[in-house]
Structures are given as structure tokens and as C-alpha cells.
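Trainee: Please pick one part of this model and walk me through it up close. I'd like to know how it's built and what it packs against.

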Amino acid sequence: MENQVLNLERVHALATWLKTTNTKLIQVNGQRKYGGPPEGWDGPNPGARCEVFISNIPRDAYEDLLIPLFSSVGPLWEFRLMMNFSGENRGFAYAKYGSSSVAADAIRVLNGHVLEPGSCINVRYSTEKRHLCINQLPADTKQEELLKVVRAMVEGVDSASLKAGPGINGVSAIVAFSSHHAASMAKKILAEAFKKQFALNVFVKWQIAVKPSLGEPLLLEASPLKRPCLFLTPSQRKAPPPRLTSQPPNLPTSCRAVGGPTAPPSSSSSSSSQGHDVSVPLPATLLRKLCEMTGFSQPLYELHYSYTGPDGFLHFTYKVRIPGITLPFTGAVMILPGPSVGGLLEEAQQAAAQQVLHRIYSTQL
């Protein structure tokens with residue numbers, strides 16, 4: 001495999017631009033950062049929905065092209081370009097503005113912008129994580145006391161709420177912060193602080209708030225469908241399902257989520273009839289149809305955000321329960337960031353359903 005070679009012309013252009021404009025960049029943790037804020041910043045501090053996520057950046061495009069472009073819609077509070085050890089960028093970056101209206105302008109004006117021939121960048125709202133979940137707190141934890149304790153340990157705490165119930169060991173807390181930076185700093189500190197101060201071994205992870213009652217696992221109920229047969233492994237069966245008497249429906253071969261297997265090939269080479277395209281149902285629709293036509297209750301989806309990978313993909317774990325089947329289907333998917341939490345969860349649900357369908361049909365075949 002050949003080693004990638006840097007575009008030295010582009011590297012020299014960046015160096016010249018930095019010297020000419022006296023722009024300062026800081027390399028930290030696999031990213032190169034400008035501002036945060038830049039010198040002489042006199043605008044407002046960023047709040048919610050002030051950061052945009054930029055993807056599909058050519059690997060030899062650097063700040064000398066990107067910072068002027070994203071400054072053209074309004075002053076940049078911060079710009080972060082993700083970098084490889086080779087010196088190339090990793091294809092994505094984050095731009096943060098002083099107001100949400102300027103961020104909205106950046107999306108409106110620059111999404112689809114042609115940075116170089118044949119390459120259009122994608123610009124959308126960044127999914128800024130501002131919530132942490134603290135697990136394995138004592139069962140007698142009081143919300144007001146916890147809020148005081150956490151505020152004494154770290155900065156930027158807005159609020160805290162508690163959650164207890166089936167499947168939760170002790171009490172879990174969802175802590176909201178004023179910024180992603182404050183939450184990131186707290187994530188590095190809290191577990192060790194609880195251990196030193198209270199001899200408690202708590203587990204701290206990122207939490208995506210999906211409902212007003214924070215910490216509630218997301219249960220998505222599937223919606224109506226129609227027939228094929230559900231074949232399961234012996235350990236998953238409660239009652240033997242009927243045998244498949246007709247060809248299973250074609251599974252979609254792709255969705256925006258990644259990390260799952262591709263669909264098995266269709267026995268038919270064409271997906272149209274008399275020249276007209278036939279629309280393929282979404283995976284969650286097909287799974288619901290399987291359950292409905294074989295006498296099982298509709299599936300319930302439990303999705304949990306795990307982490308954001310260095311390439312920008314969001315990783316989720318899932319548990320799909322089908323009432324009447326002993327064991328749930330579990331697994332993991334990763335999806336591209338989207339403009340809303342609801343959209344992210346819909347993508348994750350479809351990816352989970354697609355994996356479950358493939359496991360069912362693989363077992364059957």
C-alpha cells in the first residue's frame with residue numbers, strides 16, 4: 001500500500017497565509033484550533049446552536065481556505081480542523097459563531113459550497129453534547145445535595161436530575177452544563193472526584209437528552225405492517241413460529257447509518273414493474289410487518305448514545321425487544337451527525353431494525 005503524499009503546494013500556501021495574516025493555530029488532541037475566542041474578540045459568547053459541523057472537506061484543504069470562507073458569513077469565535085498524523089486533514093471540521101443566527105446563515109449559504117472542482121462541502125448544525133450521566137450513585141441520593149456537590153467539583157453546571165428504576169443500579173443523575181467545553185472538562189474530573197471525596201466508584205458518560213425527563217431510555221414503538229415469517233434461534237423462541245410460505249420482502253441495501261451488513265441480494269434483478277419504480281419500505285416498517293403478520297407484538301427499541309468517534313460518527317447501542325420472544329436483539333450502530341436529536345434517533349432506529357432483519361433472515365436461510 002502506497003504512503004499518502006502531502007500536497008506540498010497547499011502546505012506552503014497555508015504557511016504563507018498564516019505569516020501574512022498573523023493567524024495563530026494551536027494543535028491539540030488531533031485537531032488544529034483557531035480562536036476560542038480569537039484575540040480582540042468583542043462579540044457575544046456562543047450559546048446553543050452556534051456551532052456547525054463541516055464534512056466532505058478535501059484532505060488537502062487547510063485553514064487558509066476554510067477560515068476566510070466561514071468568516072465570510074460572520075466573525076468566527078472558533079474553528080477546529082481535525083488532523084491526521086500525516087499532516088492531512090481528516091475530512092471534517094467545526095466552526096463556532098457568537099450567535100445562532102450567524103450559524104444558521106453559515107448553513108444556508110455554505111452547505112453545498114464547491115471548495116474545489118467535484119467537491120461540495122456539507123454544513124449542518126453540530127451535535128453539541130452538554131449532558132453527562134453519572135451512574136451508580138447511592139440509592140438515598142438527594143437531587144439538591146447532588147447539585148451542590150457537583151457544582152463544588154466542576155464549573156458550568158446548570159442543573160441535575162435523578163433517575164431510579166428497573167435496570168438502574170442505585171441512582172443515575174443527568175447533569176446539564178452551560179457548554180460542551182464545561183461538560184468535557186467535567187467528564188475528565190468527576191469520577192475521580194467522587195472517588196476521592198466520597199469513596200464512591202461512579203461511572204460518567206455522555207448523555208444525549210431525548211426527552212424532557214432526562215435519563216429515560218428511549219423506547220420507540222414501531223408502527224403497522226404486513227406479512228413474512230419470523231425465524232429465530234431456538235434460545236429466542238417462546239413458541240415455534242409458522243414456516244415461511246412466500247418470498248421475504250426485499251431489504252433496503254443502504255441507509256444513512258453505517259456499520260451494519262448490506263442487504264442480501266434480491267431474487268429478482270429488477271425492482272420495478274412495467275417500467276415504474278417500486279418504493280422499498282424502511283427497515284423499521286419491514287420489522288413491524290414481520291411481527292404483525294406472525295402474531296408477535298410490535299417491537300420496542302431501546303437506544304443509548306455511546307460516544308462520538310474521531311471520524312465524527314455517532315455510536316449507539318440498541319436493544320430491540322419483541323414481546324413473546326424470550327431474548328432481545330442487541331447490537332451497535334454508528335450514524336452520521338444530523339441537525340436534530342429526533343433525526344439522529346430515527347436514523348439509529350432504522351439501522352437497528354436493519355440489523356435485526358438481517359439476523360432473522362440469515363438464521364432462516
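Mentor: Let's start with terms: helices (H or I, at least four residues) and strands (E, at least two) are DSSP runs, numbered from the N terminus. A helix's expected span is 1.5 Å times one less than its number of residues. Keep in mind that this is a predicted model, where local features need pLDDT of at least 70 and side-chain atom pairs count only at pLDDT 80 or more, while totals for chains, interfaces and linings use all residues. Numbering runs from 1 along each chain as its sequence is written, and side-chain values use heavy atoms, with hydrogens and water left out.

My pick is α5, residues 180-198. Its 19 residues reach 26 Å from first C-alpha to last, close to the 27 Å expected at 1.5 Å a residue. Still, α5 has a kink of about 40° centred on Ile189; the bend at a residue is the angle between axes fitted to the seven residues ending there and the seven starting there. Just past the helix, Ala199 takes a positive phi of about 55°.

Now the packing. Buried means under 20% relative accessible area, exposed over 50%, and partly exposed in between (1.4 Å probe, protein chains only). In α5 the buried residues are Ala182, Ala183, Ser184, Ala186, Leu190, Ala193 and Phe194. Their cover includes β9 (131-137), α4 (143-153), β11 (171-177) and β12 (203-206).

Zoom in on Phe194, which sits in α5. It counts as buried because its relative accessibility is 3%. Contact here means heavy atoms within 4.5 Å. Not counting residues up to four places away in sequence, Phe194 touches Ile134, Leu137, Leu146, Val149, Val150, Met153, Ala199, Leu200 and Val202. Take Val149: 45 residues separate it from Phe194 in sequence, but their C-alphas are 9.3 Å apart.

Leu190 has its own set: leaving aside neighbours within four places in sequence, it contacts Leu132, Ile134, Val150, Met153, Val154 and Val204.
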